[in-house]
Amino acid sequence: MDFDIHPIGGVVPIMEGYRYSTLVDVVMASKRGLDPSRPVHLFGAGHPMMFPLAVLMGCDMFDSAAYAKYARDERIMYPTGTRFLRDLHDLACSCPACVKTSVDDLKEMDKSERTRRIAEHNLHVSLLELKKVKNAIHEGSIWEMVEMRARAHPALLDALKTLVAHKDHLERFEPASRRGAFFYCGPESHERPTVTRYRERFFSRYRRPDTKVLVGFEDAEKPYSRTYSKEMSAISRKVDASFLVASFFGPVPIELDHMFPIAQSVIPKDLDPEVIRRMGEVMERHAHAHGYPLAVMWDGEETLSFIEDIAPVNRERDSDVMMCRAVLDMQFGRGAGDILADKKIEFVKSRNTGRIRNVMIDGAHALSLRAHDGRFTLKSDGARLLMKALPPPKMRVVVEDEPAEFSRKGANVFAKFVVDCDEDIRPGDDLMVVDTKGELAAVGRALMNREEMLAFRRGIAVRVKSTPEE
Ligand SMILES: [Zn+2]
């Protein structure tokens, strides 16, 4: 129905009973059916311990009298749970209501003053937690925040596990990359949308180099290309081989070593057994699908002597070109890497790090490689090539013709002018803005996914980065 805001109600008994797992099913079922441009109000959600979870599910607003009700019962809220005043040794809080007050002070106050103080405290911690949630959204770490908060109460941990079951829906709204590193918080991190997306795209988009041999390495210090550089150059001198690491994220070909989230991740050395089991299942799937005539796990010099006669070096391979091809396929879709085929490829590299900055294709600056996430920024010349390699609607946003003319001059694309969009586009993806005839109007970066672009009547859908005239 055509409401401005959609409230989800009737959930207070569920929350009061700590049935957060049920709450997740209720909210996610509601969200799936709702217009993504409309704010969702979660009625009666007043405890800071579940704010991050509610926000991650897509709730925008809360209202509750819990802060006051709790205060009347002398219950003090914290982001990690609730304590009765009588059980506290210290308030352990520096909010304005607590900073000059002790537990004894509170106990000695008359009832109404005490209730007011505790209510103030409860409001302060609620507001502070919401501010932390905003920071987490901004830096892209809301999943980490929810996983860490889940350790505060077993009911929240159950809720997190239920949320993981909805990961396919949540993945569509998950940004393509972020500035900070991926942090492992527990076994559930292995099912976070960033991880499952990497795995799915590896199996559906990545194309292996046409070598005869695949050499696999154990997970190790990142970047893998540095850790295993000695082994790889020794092997490459004698054998026509590709390289892959059995990582937390799944199989990582050495070409994808610097791409988010692989290099930009902090994973403990000693992983939980259930993660190790699931990693094994993913490697098993790869073993059936990789298509190499021969695949071996590296086990020192013996491995080299075993494979050197089977597949001797027969041609020189340009590892920079192989890397670009693999990243193009992963970022834009299978086949995108073909824009490099039969072309003159030159690289502009950083003088300090030696890493690729710009990719020149037949003399034109087509792509820039971003240092922070190892993904490409698309230039107009690169976009023209991609349009030939990827059939519509791949990596395209179709815009009404008149606004497309404004985008040709550099104007951002407003959601209300979007006619259609590739369903694989995620917020943060570089893409092509085209008019209704399919002509390139601009190159930009998505701020929304397809569902959002089609639903929103206001706001920017694509930030335009460059235009064909530039
Ligand atoms: Zn306080």
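Author: Helix α2 passes helix α8 in a right-handed crossing. This is a predicted model, in which local features need pLDDT of at least 70, side-chain atom pairs count only at pLDDT 80 or more, and totals for chains, interfaces and linings use all residues. Residues are numbered from 1 along each chain as its sequence is written.

Reader: What makes α2 roughly parallel to α8?

Author: The axes of α2 (residues 20-33) and α8 (residues 154-164) come within 7 Å and cross at roughly 30°. Angles under 35 degrees count as roughly parallel, so α2 is roughly parallel to α8.

Reader: Which residues of α2 and α8 meet?

Author: Contact requires C-beta atoms, placed from the backbone, to lie within 7 Å. On the α2 side Y20, S21, L23, V24 and D25 take part, and they meet A155, L156, D158, A159, T162 and L163 of α8. The residues of this contact divide into seven nonpolar, two polar and two charged.

Reader: Why is α15 called mostly covered?

Author: A residue is buried if 20 or more other C-beta atoms lie within 10 Å of its own. In α15, 10 of the 14 residues are buried, among them M323, C324 and F332. The buried residues pack against α10, β9, β13, β15 and α16.

Reader: How do you know that the reach of α15 is close to the expected one?

Author: The expected span is 1.5 Å times one less than the number of residues. For the 14 residues of α15 (319-332) this is 20 Å, and the helix reaches 20 Å from its first C-alpha to its last. Just after α15, G333 takes a positive phi of about 125°.

Conventions:
Helix = DSSP H or I, 4+ residues; strand = E, 2+ residues; numbered from the N terminus. Buried ≥ 20, exposed ≤ 12 C-beta atoms within 10 Å, placed from the backbone. Contact = placed C-beta atoms within 7 Å. Axes fitted to C-alpha atoms, helices over the stretch in contact; angles between N-to-C directions. Parallel < 35°, antiparallel > 145°, perpendicular 65-115°, else oblique. Left-handed = near helix turned anticlockwise from the far one by under 90°. Nonpolar A, V, L, I, M, F, W, Y, C, P; charged D, E, K, R; others polar.
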